[in-house]
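Visitor: I'd like a walk through this structure, and I'll keep asking how you know what you tell me.

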Amino acid sequence: MINLKTSESKKRVVVIGGGAAGMIAAGVAAHRGHSVTLVEKNSKLGRKLLITGKGRCNLTNNCSDAQFLENVTCNHQFLHSSVSAFGPADTMLFFEELGLELVTERGGRVFPASSKSSDVLEALEKYLDSGRVKVIAAKAHQLIIRDGGVAAVAVSGGEIACDAAVITTGGLSYPKTGSTGDGYAFAEASGHKIIPPRASLVPLEADLDICSRMQGLSLRNVGVTILDHERHQVFSDFGEMLFTHFGLSGPVILSASAHMRSYDKTSYRAVIDLKPALDHAKLEQRILRDFELYKNREFSNALSGLFHKTMIPVAVEKSGIPPDTRVHSVTKAQRRSLVELMKAFEVKITGPRPIDEAVITSGGVSVKDINQRTMQSKLVNGLYFAGEVLDLDAYTGGHNLQIAWTTGFTAGNSI
């Protein structure tokens, strides 16, 4: 069983935002004996939750607390206290106790056994019902603050008096689900600093000439390193990527985007290692074998064993070797330049795709204004924040939803 604090007195609580963080915060507060109203501007709860994991809902990752924190790319230290109280293992137990059967898949990704995100939402709705949470379909317009504390929440049709309010309105990604940045306005109006929101876990726009010519090409098991304008490394990993009509996408590119926090005209370059399993010497030996096999061919017709056919015309151009050069005439210096190209195929990045295409929003309410043990504001008594509205984000694999569960539970359990 999850451990809930003993409530000192029954309080009137309003939770604004019926996503993952909002539902668990409301449910936990209600099961501690508080009178809870959950305000959601959509007609139904959990709209973003329903589309996560391509409709399957990758609800957490079956990893240790320490491994989870390693996957949080922004302000992970802020979560040390709260994750020890409600980490990935607690999330799994929480849902299993609600009757939801779970399965763990590749990379520790945890899904409902049914592969239906609607089953996750149904479990949460039952949890809200059992705690007698009152759900209202209305848009919250303003926090009413008196004497340094929350006194009410103004919604369409009037005010809801409260002793505590929890802001769980999400970020700016997937705006059609209701994530339109409402919480930033509430926070800013009450004196909190907002770290400018930006897209994270998002495809990247890149050199259109190169990428559009290779659109649709998927590369597996390649190394991707991101360099900033001073050619300092900001990210490096192995995985799968995709060339598109606008630039670069795929899992390793989405992860890379989480580390790209400022853009200008010369800001970033992706350096792709096409053969990460081979060092320079072994790769040169591999090229020599192919060149011996095709020694009487033109250079442009001797690369089928080294590059995907879609990539060959671009690779020939980048190599600087005239395409009609006979293979037996390729010099040692030219051959080594080809090795360098395969180990460091560069693509200039021009910026991220729009934030409404992002998996998650980076930025938001500064965690410096929030008590990390309770999620309560340091500026306004009785005001709490949880989920994507905070300046917290992580890699894919269930880690961002775990941030929602961890911070939402902490807020609900601390009121």
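Guide: What follows is a short talk about helices, strands and a charged pair in this predicted model.

Visitor: Let's start with helices α1 and α13. What makes α1 roughly parallel to α13?

Guide: The angle does. The axes of α1 (residues 20-31) and α13 (residues 399-414) come within 7 Å and cross at roughly 30°. Angles under 35 degrees count as roughly parallel, so that is the name for α1 against α13. The crossing of the two is right-handed.

Visitor: Which residues of α1 and α13 meet there?

Guide: From α1 come Ala20, Ala21, Ile24, Ala25, Val28 and Ala29. In α13 they meet Leu401, Ala404, Trp405, Gly408, Phe409, Gly412 and Asn413.

Visitor: How do the residues of that contact divide into nonpolar, polar and charged?

Guide: There are 10 nonpolar, 3 polar and no charged. Gly counts as polar by this rule, and Gly408 and Gly412 are among the α13 residues in the contact.

Visitor: What makes Glu105 and Arg56 a salt bridge?

Guide: Their closest N and O atoms are 2.5 Å apart. The cut-off is within 4 Å, so the pair qualifies. By this rule the count comes to 18 salt bridges.

Visitor: And why does the pair tie together parts that are apart in sequence?

Guide: Glu105 lies in the loop between β5 and β6, while Arg56 lies in the loop between α2 (47-51) and β3, so the parts it ties together are 49 residues apart in sequence.

Visitor: One more sheet, please. What is the order of the open sheet with β8 in it?

Guide: The order is β8-β9-β10, again 3 strands with antiparallel pairing. Its edge strands are β8 (140-146) and β10 (158-161). On average, neighbouring strands here are turned by 30° against each other, direction ignored.

Visitor: How do you know that β8 and β9 pair?

Guide: At least two bridges are needed, and β8 and β9 (residues 149-155) have 6, so they pair. Leu143, for one, stands opposite Val153 in β9.

Key. Residues are numbered from 1 along each chain as its sequence is written. This is a predicted model: local features need pLDDT of at least 70, side-chain atom pairs count only at pLDDT 80 or more; totals for chains, interfaces and linings use all residues. Side-chain values use heavy atoms; hydrogens and water are left out. Axes are lines fitted to C-alpha atoms, for helices over the stretch in contact, and angles run from 0 to 180 degrees between N-to-C directions. Helices (H or I, at least four residues) and strands (E, at least two) are DSSP runs, numbered from the N terminus. Angles under 35 degrees count as roughly parallel, over 145 as roughly antiparallel, 65 to 115 as roughly perpendicular and the rest as oblique. A crossing is left-handed if the near helix is turned anticlockwise from the far one by less than a right angle, and right-handed if clockwise. Contact means heavy atoms within 4.5 Å. A salt bridge is a side-chain nitrogen of Lys or Arg within 4 Å of a carboxyl oxygen of Asp or Glu.
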